[in-house]
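Work through the exercises below with the model open beside you. Try each task before reading its solution.

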Amino acid sequence: MAGFVSFVLFLIGAIPSVTPFLVLDIDPTSGIIALVVLTSFVLTIMGAVKTWATQGNWIMTALENLVIAGFCGGFAYGVGMIFDSAIN
């Protein structure tokens, strides 16, 4: 059951990242810009909503969520680029 719940939550979390490519008929560069904007917005909102449980400052928590996710996304992109250059 825990695996299924984890899968569903991961799927829900991935929706903002793929929405621009599913909804809009645009070129890849514009799609990436749209997904960065949409994902940043959703991450900021989720960080602010997280204060419901943590009782912290909503602005600081929203920014913390955005910075951590941005760092992790940049790191994952860098690792992907390293693997891409290693196999090509």
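This is a predicted model: local features need pLDDT of at least 70, side-chain atom pairs count only at pLDDT 80 or more; totals for chains, interfaces and linings use all residues.

**Exercise 1. The largest pocket**

Solution. Residues are numbered from 1 along each chain as its sequence is written, and side-chain values use heavy atoms, with hydrogens and water left out.

Step 1. On a 1 Å grid over the protein atoms alone, a cavity is a set of points where a 1.4 Å probe fits but cannot get out, and a pocket is an open set with protein on both sides within 12 Å along at least five of seven lines; lining residues have an atom within 4 Å of a point.

Step 2. List the lining. It consists of Ser-17, Leu-35, Val-36, Thr-39, Ser-40, Leu-43, Leu-66, Ala-69, Gly-70, Gly-73 and Gly-74.

Step 3. Assign the elements. Helices (H or I, at least four residues) and strands (E, at least two) are DSSP runs, numbered from the N terminus.

Step 4. The largest pocket holds about 210 Å³. Grid points are joined across faces, edges and corners, and a volume is the space filled by probe spheres set on the points.

Step 5. Sort by class. Ala, Val, Leu, Ile, Met, Phe, Trp, Tyr, Cys and Pro count as nonpolar, Asp, Glu, Lys and Arg as charged, and the others, Gly among them, as polar. The lining of the largest pocket has five nonpolar, six polar and no charged residues.

**Exercise 2. The second largest pocket**

Find the element that gives the largest share of the lining of the second largest pocket.

Solution. Step 1. The lining is Leu-9, Ile-12, Gly-13, Pro-16, Ser-17, Thr-39, Val-42, Leu-43 and Met-46. Two or more of these residues come from each of α1 (2–23) and α2.

Step 1. The largest share, five residues, belongs to α1.

Step 2. The volume is about 170 Å³.

**Exercise 3. α1 against α2**

Describe how α1 and α2 cross.

Solution. Step 1. Their axes come within 8 Å and cross at roughly 145°. Axes are lines fitted to C-alpha atoms, for helices over the stretch in contact, and angles run from 0 to 180 degrees between N-to-C directions.

Step 1. The crossing is right-handed. A crossing is left-handed if the near helix is turned anticlockwise from the far one by less than a right angle, and right-handed if clockwise.

Step 2. Name the contacts (heavy atoms within 4.5 Å). Pro-16, Ser-17, Thr-19, Pro-20 and Phe-21 of α1 meet Pro-28, Gly-31, Ile-32, Ala-34, Leu-35, Leu-38, Thr-39 and Val-42 of α2. By class, this contact has nine nonpolar, four polar and no charged residues.

**Exercise 4. Lys-50 and Gln-55**

Is each residue buried, partly exposed or exposed?

Solution. Step 1. Buried means under 20% relative accessible area, exposed over 50%, partly exposed in between (1.4 Å probe, protein chains only).

Step 1. Lys-50 sits in helix α2. Lys-50 has a relative accessible area of 34%, so Lys-50 is partly exposed. Beyond four places in sequence, Lys-50 touches Thr-61, Glu-64 and Asn-65.

Step 2. Gln-55 lies in the loop between α2 and α3. Gln-55 is exposed because its relative accessibility is 65%. Its phi is near 60°, a positive value in a residue other than glycine.
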